[in-house]
Structure formats: C-alpha cells, structure tokens
Amino acid sequence: MTEQACNDSTPALPSKAVSNGIPPRLDLPLPDRADIITDNAIKLAEGTPNPRLRFIFQNLIKYLHGFVNETDLTTDEWMAAIQFLTRVGQTCTPLRQEMILLSDVLGVSALVDSLNNPVEGMATENTVFGPFYTDDTLHIANGDTIASEGKGEYMYVEGRVLTTEGVPIPDAIIDTWESDSDGFYDTQYSNRSHPDCRGRLRTSDDGSFNFRAIVPVPYPIPGDGPVGELLLVMNRHNMRPSHLHMVVEAPGYHKLVTAFYPEGCKFIQSDSVLGVKESLVVKLEHIDDEREAHKRGFPAGSSFKLMRLNIVMLTNEQFKIYRAKNAETKGATR
Ligand code: BEZ
Ligand code: FE
C-alpha cells in the first residue's frame, strides 16, 4: 500500500518542489532598517495586474505595517493576534460566521455599509444586515401579524414607502424580522418548527403598509466565542439596542437594508456593532385606546405601541450618481 493510499486527505507530493511559475521581477534592497521591509513589501505588490487589487494590497501593507510600527508590536502580541484570528476562523460553521461578527464589533461592517450607501437627502439610511435574516418567512397581508401570541408586548407598525419626491411606491416588498421579548430570534431555538417574528408583505397602491409586531428588546450578540472574549478584554458589553430589521425592494429602486431603533434604549449610543444612525431612531407612541387596538386586530382591552415610518427609497439611477460622487471624493483607484 502506498503512503497516499493510507491518508486520502494528504495530496501526493510532486517528484520535485517547483515554484508557481512567476519569475522574479525585482531586485529588492536587502533591508538594513525596518522601514525598508515595508517599502519592499509595497514594491512586491506593484506587479498585481488588476489596478484596483494593486491599490488595495498596497494600502493594506502600508496600514498593516504602520499599525505594527506605531504600536511597536511585540512578538508575543503578534502571536496572540494570530492565535486569536485562528480561533475566529475555527469557530465558523455553516451556521455561524464569527469572522463577520469580528468585523461587526470592530465597526468595519458599519463603515463598509456607510461608504457604500451614502446618506443622501431624505432617503432612508442603510445599516448592518446582521446574521438573523432567513428567506423562509411568513407571507402576510397588510394588517396581519408577524409574531405569534405571547412573543412580546404589542406593537403596530404603519407607514409608507415613498420616492425622494414623496410619490408612493406601490408593490414594494418589505421583509421584516426581530427578536422575541426574551431577546432570541426564532432561528436561535433548536426546536424551531416555523418562522416567527418575521414576515414579508407588499405595499398597497398608496405605498402604505401596516402590520402587527412586538416591541423590540435589546439582546446580546453571540458572546460564547473568541469575539465574545475580545469584548470582555476590552471591557465592552455585547448588547444591541432594541430594533426592528427591514429590507425593502421595489423594481427600479436601490435595495434598502435597514433597521429602526425605538428611542430610549440604554444601549442606543453604545451598540456593540455600531449600527445605529440618528435618522433610524424612531419614537414609539403608547396607544391606550380600546377602539384603536380593536381596529388593528389586538385583543380586547389591549394597549399597544405604535411605530410610524416613512421609508424613502432611491432609484437605481439616483443611487449610482450618489455612490459615484461619494467615491470621487476619496480619490481611490477603481
Ligand atoms: C443583528 O442585528 O441582528 C446583528 C447585527 C450584527 C451582528 C449581530 C447581530
Ligand atoms: Fe438584529
């Protein structure tokens, strides 16, 4: 039996060790100072054929080396960072993305999202998508509920989807999801049998939509992995302020990925994933009126909270123009 047959996961060695075939292009100066190493690494990236990738790699090297230099990083610290990143990777499974969570808590996800979805006029702002969206959802009609009974305090969400000129957008598809009042999304329950606290509906001819939901509550992002440990080392909490997620899509309009944050939550200004934007903070009205509750399908004697939303979408054309304008101000190689 050959060695390879003993271990199927180990590829057979070629008869001779060979290079990847790319010839040496440069004779780099042999460093007698640390900064020559940085210059050399940047020069090595110079041969990247794709101009955008070349620009990205050279900046990555510049800032990564700058970080090591400025912090005067010790060998032990660098090893600890490598071991940490290794554990982040090892924590990922088909159902858990610890790498994205790391990007989230460092604010990189929020920054990438903001750069790619610039604020423009009255348009509703984007924010982080998070890991709890599912395509299997409840298809509901306007006025229906997204949450089964007992999942939380009653909330009614009503509003309109509009253009930047205030013209209603009919037939827009709204996907919405939230945690239950215990701070868990339905997907976090191992015995989940059906979607809950999530739904998909369409706007009416006048751009309006309305549905029953529950008052969002703050909840922790996963804290049982390396990212959770990182937050503890930084003495940071792992809470997200209460919010209701929404994705809104309509033909000809730029897809909106957003969330609305009821004001007054104590975590609103220290969101663990830096996703809150001022324009997305909304007031909840307390409605203690039997007839109003009945009209909206809540059981007799109920009071409820009302979330009113005006969602303003950019056309694809508007989005392209604003995004290009934003990119221009950066002067980055595209
Ligand atoms: C969320 O809101 O669902 C979320 C966003 C980013 C990281 C974790 C959770
Ligand atoms: Fe969320």
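In this predicted model, an oxygen atom of ligand 1 is 3.0 Å from an N or O atom in the side chain of histidine 243. Two further side chains place a polar atom beside an oxygen atom of the ligand, namely those of tyrosine 219 and histidine 245, and the table sets out the distances.

| Residue | Distance from its polar side-chain atom to an oxygen atom of ligand 1 |
|---|---|
| Tyrosine 219 | 2.7 Å |
| Histidine 245 | 3.0 Å |

On its own, ligand 1 has 260 Å² of accessible area, and the protein covers 100% of it. The residues around ligand 1 are Asp104, Gly130, Pro131, Phe132, Tyr185, Tyr219, Ile221, Arg240, His243, His245 and Val273.

A pair of helices comes next. The axes of helix α4, which spans residues 75-91, and helix α5, which spans residues 98-105, come within 7 Å and cross at roughly 125°, so α4 is oblique to α5. On the α4 side the contact is made by Phe84, Leu85, Val88, Gly89 and Thr91, while α5 contributes Glu98, Met99 and Leu102; by class, this contact has five nonpolar, two polar and one charged residues.

Lysine 305 belongs to strand β12, residues 304-313, and its side chain makes a polar contact of 3.3 Å with the side chain of glutamate 153. Apart from its neighbours within four places in sequence, lysine 305 is in contact with Glu153, Tyr154, Met155, Tyr156, Val215, Leu284, Glu285 and His286.

Note on methods:
Residues numbered from 1 in each chain as written. Chains lettered and ligands numbered in written order. Predicted model: local features only at pLDDT ≥ 70, side-chain atom pairs only at ≥ 80, totals over all residues. Heavy atoms only, no water. Axes fitted to C-alpha atoms, helices over the stretch in contact; angles between N-to-C directions. Helix = DSSP H or I, 4+ residues; strand = E, 2+ residues; numbered from the N terminus. Parallel < 35°, antiparallel > 145°, perpendicular 65-115°, else oblique. Contact = heavy atoms within 4.5 Å. Nonpolar A, V, L, I, M, F, W, Y, C, P; charged D, E, K, R; others polar. Near = heavy atom within 4 Å. Polar contact = N/O pair within 3.5 Å; in protein donor to acceptor, adjacent residues only side chain to side chain. Areas by Shrake-Rupley, 256 points an atom, 1.4 Å probe, with all protein chains shown as cover.
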